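Hi there,

Here is the structure I promised to pass on to you. Have a look at it first, and my notes on what turned up follow below.

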Amino acid sequence: MSEFVFFINNVIVSGLVAGSIYALGAVGVTLIFGILRFAHFAHGDMMTLGAFITLVLSWVLAGMGVSSGLPLAYFVVPLAVAITIVAALGLDRLFYAPLRAKGAKPVTLLIASIGVTMMLQGLIRLLFGTGTYSLFDTVPKVIHRIPVEGSTRDITFTQPQAIGVIVTIIAVVALHLFLKRSRNGKAMRAVADNPDLAQVSGINIRKIVRLTWIIGAGLACLAGTFLALDVTVKPDLAFNILLPIFAAAIVGGVGQVYGAIVAGYLIGFAEVLAVFNWGVLLRPFRDSLPEWVPAQLAIVPTEYKVTVAFVILVVTLLLRPTGIFRGASST
Amino acid sequence: MSLISLDAVVGGYGGVPILNGVDIAIAASDIGVIVGPNGAGKSTTLKAVFGLVKVTAGAIRFEGRDIANARPDALVPMGLGYVPQEKNVFPSLTVQENLEMGAFIRADAYGDTLASVFEMFPPLKEKRRQKAGELSGGQRQMVAMGRALMGKPKLLMLDEPSAGLSPKYVLEIFERIVAINRGGVGILMVEQNARQALAIASRGFVLAGGRNLFTGTGRELLADPEVARSFLGGGPAA
Amino acid sequence: MAADLVIDVRAVGKSFGGLAAVSDCSLSVARGSITGLIGPNGAGKSTLFNIVAGLLKPDTGSVIFDGEDVTGLPPHELFGKGLLRTFQIAHEFSHLTAVENLMMVPPRQPGESLWKTWVRRREVVAGEVETRRRALEVIDFLGLAKVRDELAGNLSGGQKKLLELGRTMMVDAKAVLLDEVAAGVNRTLLHALAGNVERMNRELGYTFFVIEHDMDLIARLCDPVIVMAQGTVLAEGPLAALRQDPRIVEAYFGTPLEEPA
Amino acid sequence: MIRRALLLYLGLFALIVAVGFAMGAPFTVRLLVEAAAYALIALGLNIQWGFGGLFNFGIMGFMMIGGFAAVFMAMPVSAPFWDSDGPWMLGKALLAAGAGALVILGANRLHRIGFPKPLQRTLQVIAWIAAYIFFRTQIDPAIAVIESREIGWVGGLGLPVWLGWVLGGLLAAGVAWLIGKACLGLRSDYLAIATIGIAEIIFALLKNMDWLTRGTLTVSPVPWPVPLPQQYQAWGSTIDESFIYARAGYLLLVLAILGAVFFLIQRAYGSPWGRMMRAIRDNHIAADAMGKDVRARQLQLFVLGSALMGIGGSILISFAQIYDPSSYSTVNHTFIIWVMVIVGGAGNNLGALLGAFLIYIVWILSEPVSQWLFTTISGWTEAIGWGAIPDITSRSVQMRVFVLGLVIVLALRFAPRGLIPEIGAGRRPQDQPKQESPDEAVQ
């Protein structure tokens with residue numbers, strides 16, 4: 001039984017957490033891809049930026065003498081989301097909009113987003129150095145334990161993990177309703193489908209573009225903060241998860257919001273399953289197993305976790321190039 | 001008064017202008033047809049009206065108001081509708097959603113308009129839950145025209161509505177255009193299929209090199225031997 | 001005895017997402033002919049054409065080219081066997097000049113091998129001189145001499161289509177597929193194009209397989225004409241005879257709304 | 001165009017002279033050696049991106065492979081390794097990999113002997129899993145043996161380092177061939193993601209394969225192909241002179257390679273080969289219809305360019321004399337090359353070369369410049385009582401990342417075709433870009 005609980009803690013809980021973060025990031029990537037037609041490489045750094053904004057705001061709050069039993073980060077997230085959105089709109093105005101106005105190709109915008117990545121990375125490190133920070137300076141991380149009968153272990157997860165997963169689900173449902181029911185949501189889908197025609201139908205493309213950045217950056221800030229709450233805040237926080245996020249966006253089918261969510265969780269779970277030590281589950285039968293079965297039975301060593309998202313991506317691209325949800329083919 | 005008038009319009013994508021002084025004027029009761037050789041600036045003229053091409057000189061007036069270089073999202077509420085030649089539907093939206101997008105700018109209820117579009121194009125009603133990308137070429141053209149009509153335009157501009165359609169569909173589409181015009185919507189269209197299009201036109205414009213070469217009623221142009229020789233391909237069709 | 005066939009399509013079928021675009025379709029193109037392919041929209045002409053041109057693989061059936069089964073071969077291999085094509089929307093190489101557009105065509109040029117450009121300079125230059133001579137001949141044949149050093153992207157739509165036709169003259173093609181040459185071309189240039197097709201057919205012995213909507217052009221060039229409907233061949237014969245067939249009139253030509261004056 | 005290039009190169013020369021006066025000769029020669037190696041890599045990317053329009057965001061991976069090759073060829077032979085069971089066990093692992101590859105290949109061909117498709121798919125998956133497990137059963141114990149304290153790692157082959165450079169090119173080319181086979185059919189933006197992913201994997205492998213690369217323990221000193229400064233000192237030079245002589249010797253070698261490569265690429269690009277590549281980049285559907293094997297030609301570009309990246313990576317590692325896999329980063333080894341090619345002028349070799357030298361100088365100099373800037377500002381803030389700026393040194397390093405990012409967005413906006421644009425790009429066709437994909441051509 002203990003082994004089973006170990007499985008829940010290491011696979012179900014971790015997979016849900018990783019999947020939620022990937023899904024939040026991938027939705028932004030896929031929306032930007034669908035509406036603005038380019039791969040926004042700076043998305044990972046947008047997540048990092050969101051996390052740092054949360055960090056600074058919680059410092060400010062602490063500096064004002066506010067204290068609480070909960071981490072201050074919880075209270076400042078809405079404001080951090082707003083600031084991240086403003087930052088994203090500013091970046092668009094400064095760097096992407098002029099290129100779009102000149103009719104630049106998607107490739108050019110992709111390269112510009114790499115420039116933005118470098119600027120954000122440089123700036124964040126310039127201001128915060130390369131060290132790590134914690135959002136739990138003042139209060140300890142609350143850990144929930146659910147005892148399981150017949151097990152020496154408890155099912156454990158932290159409070160930010162639980163809140164993060166719940167917030168993700170709420171965000172996803174809200175987004176679904178927005179896209180399916182609201183006028184602007186339908187207009188967004190129309191623009192993703194055929195921007196020229198949307199324009200001649202009287203849809204204001206600039207407004208839709210702004211809306212895209214608002215949703216994308218808002219979710220990026222949520223994802224970054226979630227990740228920061230789960231681990232720590234550091235400048236290369238999100239750059240390392242850029243690959244899983246893009247993999248999720250592509251595997252889900254570019255421009256397909258639901259695809260991105262499903263694929264985000266798929267990749268999250270695939271990663272934890274791949275590095276999970278299956279030997280643990282065999283431990284109760286250890287005595288009856290032949291000698292040659294090793295104790296360490298992970299599919300890939302933890303150091304190579306990065307390969308998992310990639311392998312899923314490549315297999316998908318080779319077998320079903322438009323993704324599992326048949327994305328747009330913009331080029 | 002003209003519904004729309006272009007006076008000596010000059011414009012293009014930047015660089016060398018494509019339009020070098022185009023004059024067009026049609027009334028609400030007119031079907032205006034623009035014909036001319038490739039690269040004459042026919043489609044560009046429509047795009048200039050719709051704010052998709054920069055106008056550097058001349059005036060474009062719609063119901064007397066200057067609309068040169070206005071953005072499409074400002075023009076649609078004024079009563080202009082435009083059906084591009086290619087990619088004129090939202091492929092992953094359903095037929096009904098396509099039509100709804102045509103009514104995007106309308107704040108009022110559009111149920112009546114939807115019903116009348118379905119009446120005009122019966123196949124669309126059957127397929128309204130189907131994705132537009134799955135339709136045949138002719139049906140797509142119906143969706144495209146229906147979408148433009150959903151905005152209750154006073155002027156409908158069509159860019160080569162017959163392109164890529166088989167002769168039978170061409171006739172059907174032209175019939176619908178005449179019907180729409182009889183319902184009180186001014187039509188301005190560009191056609192390669194000059195002979196057939198001029199046959200239903202009340203105003204015809206032959207463009208070449210970005211300026212008017214001939215202007216007249218459709219019948220006048222069809223009868224003009226010079227127009228016939230240069231642009232309609234010899235004598236009457238085989 | 002069967003006629004000498006260049007293209008022989010045998011019982012080809014192809015569906016997209018469960019919808020059959022072409023089903024059990026058989027047709028053939030005789031050597032030296034200009035064969036037309038017409039049919040209403042959605043009849044499967046483009047799909048069939050793309051199967052013959054190697055852009056699509058059929059689900060069933062086979063395509064025989066010059067006695068050899070070429071089903072599913074990619075376009076560049078079909079080119080090697082002498083089956084060339086032009087595109088409905090001109091696919092010029094816009095950053096190459098008109099002459100370069102033609103010069104890139106001949107296969108196995110010595111200068112196309114990286115190694116030879118490094119160590120066999122003389123062979124490369126000799127090949128280049130010959131290629132250029134041939135390209136200039138074609139340019140003259142097409143009446144494009146004035147624009148030969150212009151970037152192809154700057155040519156007019158009709159000139160681009162002429163250039164496409166010219167590309168097929170840079171090698172000894174057994175058959176050329178023409179995909180809607182008339183689309184987007186004005187009448188005057190169309191005459192020039194059609195004239196060139198006729199000359200290539202008569203003087204150089206080219207076989208053409210033409211997909212077309214423009215009836216005037218079909219009437220002028222093609223014999224026989226194949227009519228497709230609903231993914232299969234409906235009829236075949238001279239255009240005049242087809243116009244008398246009530247089934248075809250119903251399916252394709254329709255009744256005119258108003259006779260032009 | 002030629003005048004413009006000449007002027008720009010004169011400017012570059014003046015800049016180098018100025019740097020020489022400001023920073024001293026040993027520093028400048030070192031900078032030039034590294035810049036020349038980067039220029040080789042930039043030429044590689046120019047072949048891929050400028051000639052072929054191929055996205056390669058995995059440059060870091062090829063450079064790492066090149067660096068590994070230099071280490072593996074040139075480091076001294078490790079007697080403990082060769083005396084142990086290690087070689088034999090590694091051999092078995094290699095055999096296991098080969099056997100696995102055969103099984104997978106066999107599974108891929110099952111349909112030819114009449115297996116139904118779904119069954120074949122299943123068998124393919126099983127073959128992959130079986131091959132992987134079999135390989136792991138062989139390689140895991142081999143690694144355990146080699147990584148034991150007595151052995152540590154496999155060591156080198158003790159051969160001349162220039163052989164390592166050749167191997168670096170060959171290995172990178174081989175890996176590029178494999179990647180190209182699998183990924184070149186992808187859309188350009190997918191190819192970008194795929195190559196980034198591959199670079200990350202190569203990074204993870206070389207960093208964690210302690211038995212092969214010593215991983216984070218790093219390998220040094222990697223030998224030089226020319227005499228080292230210590231050699232010159234032994235011959236009686238002063239320390240400063242010895243560095244100048246030794247690095248100048250290295251520089252001449254690298255410049256000779258760079259010159260030869262430049263000449264060969266230029267010659268090919270001016271030939272029908274280059275015309276064909278431009279045609280493919282312009283319109284690959286039409287090029288295919290005109291008998292050009294697009295995939296094979298793109299693969300050629302990808303392999304050729306990657307080989308240059310591998311060689312450049314080898315040269316850099318032997319020059320630095322230390323191989324530390326964890327010192328590689330996407331910014332410093334992939335993005336910077338992109339900045340070089342885009343700023344210099346994609347599609348033009350002279351432009352790529354200029355961009356490489358220029359950007360490398362900006363990259364290196366922005367650190368001392370911003371350090372000076374920070375120190376100055378820090379002096380002011382201290383004077384007005386705000387306190388000094390902490391960690392100036394580490395912050396200055398970050399400044400250059402920001403500067404590079406700024407340079408690339410400015411370049412895209414104000415000189416999108418680079419300082420020395422592609423020949424003929426000035427006479428750009430007027431028409432709008434064509435929006436036709438192969439799928440649309442079908443229906």
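Between chain B and chain A about 1,800 Å² is buried, 56% of it from carbon and sulfur atoms; buried area is the accessible area (1.4 Å probe) that two parts lose on being put together, summed over both. On the chain B side, B:Phe90, B:Met101 and B:Phe104 lose the most area to chain A, together 35% of what that side buries. Please keep in mind that this is a predicted model, in which local features need pLDDT of at least 70 and side-chain atom pairs count only at pLDDT 80 or more, while totals for chains, interfaces and linings use all residues. Residues are numbered from 1 along each chain as its sequence is written, chains are lettered from A and ligands numbered from 1 in the order in which they are written, and side-chain values use heavy atoms, with hydrogens and water left out.

Contact here means heavy atoms within 4.5 Å, and by that rule 22 residues of chain B touch 17 residues of chain A. Two salt bridges link chain B and chain A (a side-chain nitrogen of Lys or Arg within 4 Å of a carboxyl oxygen of Asp or Glu). B:Glu97 and A:Arg189 form a salt bridge, at 3.1 Å from N to O. Helix 2 (72–78) and helix 3 (95–102) of chain B each give two or more residues to the side that touches chain A; helices are DSSP runs (H or I, at least four residues) and strands likewise (E, at least two), numbered from the N terminus.

Now for chain D and chain A. Here 45 residues of chain D are in contact with 49 residues of chain A, and the two chains bury about 4,100 Å², 75% of it on carbon and sulfur atoms. D:Tyr190, D:Ile193 and D:Gln398 lose the most area on the chain D side, together 16% of what that side buries. Helix 8 of chain D supplies the largest share of the side that touches chain A, 14 residues.

Last, a sheet in chain C. Six strands form an open, mixed sheet in the order 6-7-8-3-9-10, where strands pair if DSSP finds at least two bridges between them. Strand 6 (83–85) and strand 10 (232–237) of chain C are the edges, each pairing on one side only. Strand 7 (residues 175–179) and strand 8 (residues 207–211) of chain C run parallel, joined by five bridges, and C:Asp179 has C:Ile211 as its bridge partner in strand 8.

Enjoy exploring!
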